Amino acid sequence: MSAGAARGASFRSESARARLGSALGPVVVFVLTAVVVVGVLAYLVLPVVGLVVYQPVGQLLHEFNAQIVTDAIKVSLKTNGIAIGLTLVLGTPFAYVIGRHRFPGRSVLITLVELPLVMPPAVAGVALLVTYGRLGLLGHRLSALGIDLGFTQAAVVMAITIVASPFYVRGAIGAFEAIDPTLLDVAGTLGAGPLRRMLRVAMPLARAGLGASAALCFARGIGEFGATILFAGSFQGSTQTLPTAIYQIFDSSLDQAVAVGVLLLIVSAAILLTLKLVGSWTHFSISRSPFRGGRSISARSSA
């Protein structure tokens, strides 16, 4: 074979390898991506599947009827209901003031609100105990007045509130900050006072953020464990919530612990679905609203 023919054959061989490499490249990337995606999903989903299929549905429903489970459900619903109610009533005006005004020390206040978000729940429980417990900073004074907070349902509410309320307050601050100030100014020129502006203008405009923040607050509260068990204990029918019930019955009845876990999983999924639906409904209502040109109002005013 001549040198020219050899060089031609070598060139064709290299060209074929290059075409093969360019064709296989996307396939290799696709396969590797699929393997990573499937691996991550399997890691995240398999424990959930394992929890759900651990026992037959009939046995699962039977475990739901156990006295310790029904008592924990009642305590969880009652204490979380009170906690979320207090958070909404007190946290909404607080978030409105922080979100709509600028003043010295504002960043410090927001940091204090955010602190429980990163503080371990066990630390929050110890802090509540040494502050409001019978021998705590304020506890002995409260005891002298006949008020004992530690290891009562009031302690459960306090533990849930201190751990979960920042999820609502911080989200509400952001929701109120996002409102076009022109809309509130116009309401003020029409004679609406500060309270009316908050109730009739700001809250409807911020309803999506407020609703999502409230749902996250409830989800965090329903799963609270560390602060509750340290400050309120785990007494069946009194201070034992669903998470603390899992801790107590895990050693004696794994089936009941799994049943409570599935129940909390259902609650979490329902909250997540509610957030999705609220977001979709809000997007739909805004897209159909004749007032969706609020931003253009601000632009025209500034012009």
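A residue counts as buried under 20% relative accessible area, as exposed over 50%, and as partly exposed in between. The exercises below apply to a predicted model.

**Exercise 1.** Classify F225 and Y247 by accessibility, and determine how their rings are arranged.

*Solution.* Step 1: F225 has a relative accessible area of 28%, so F225 is partly exposed. Step 2: Y247 reaches 57% relative accessibility and therefore counts as exposed. Step 3: the ring centres of F225 and Y247 are 5.4 Å apart and the planes stand at 55 degrees, so the pair is tilted. Step 4: F225 belongs to the loop between α10 (207-222) and α11, whereas Y247 is in helix α12, so the pair ties together parts 22 residues apart in sequence.

**Exercise 2.** State how many aromatic pairs there are, and describe the pair of F151 and F235.

*Solution.* Step 1: the count comes to three aromatic pairs. Step 2: in one of them, F151 and F235 lie 6.5 Å centre to centre with 70 degrees between the planes, an edge-to-face pair. Step 3: this pair links distant parts of the chain, 84 residues apart: F151 is in the loop between α6 (139-144) and α7, and F235 in the loop between α11 (226-231) and α12 (242-249). Step 4: F151 is partly exposed at 42% relative accessibility, and F235 is partly exposed at 46%.

**Exercise 3.** Compare the span of helix α7 with its expected value, and locate its kink.

*Solution.* Step 1: helix α7 (residues 153-177) contains 25 residues. Step 2: from first to last C-alpha α7 reaches 35 Å, close to the expected 36 Å. Step 3: α7 has a kink of about 40 degrees at A164, shortly before the proline P166.

Key
Residues numbered from 1 in each chain as written. Predicted model: local features only at pLDDT ≥ 70, side-chain atom pairs only at ≥ 80, totals over all residues. Heavy atoms only, no water. Helix = DSSP H or I, 4+ residues; strand = E, 2+ residues; numbered from the N terminus. Expected span 1.5 Å × (residues − 1). Bend = angle between axes of the 7 residues up to and from the residue. Phe/Tyr/Trp six-rings, centres within 6.5 Å; stacked < 30°, edge-to-face > 60°. Buried < 20%, exposed > 50% of the residue type's maximum accessible area, 1.4 Å probe, protein only.
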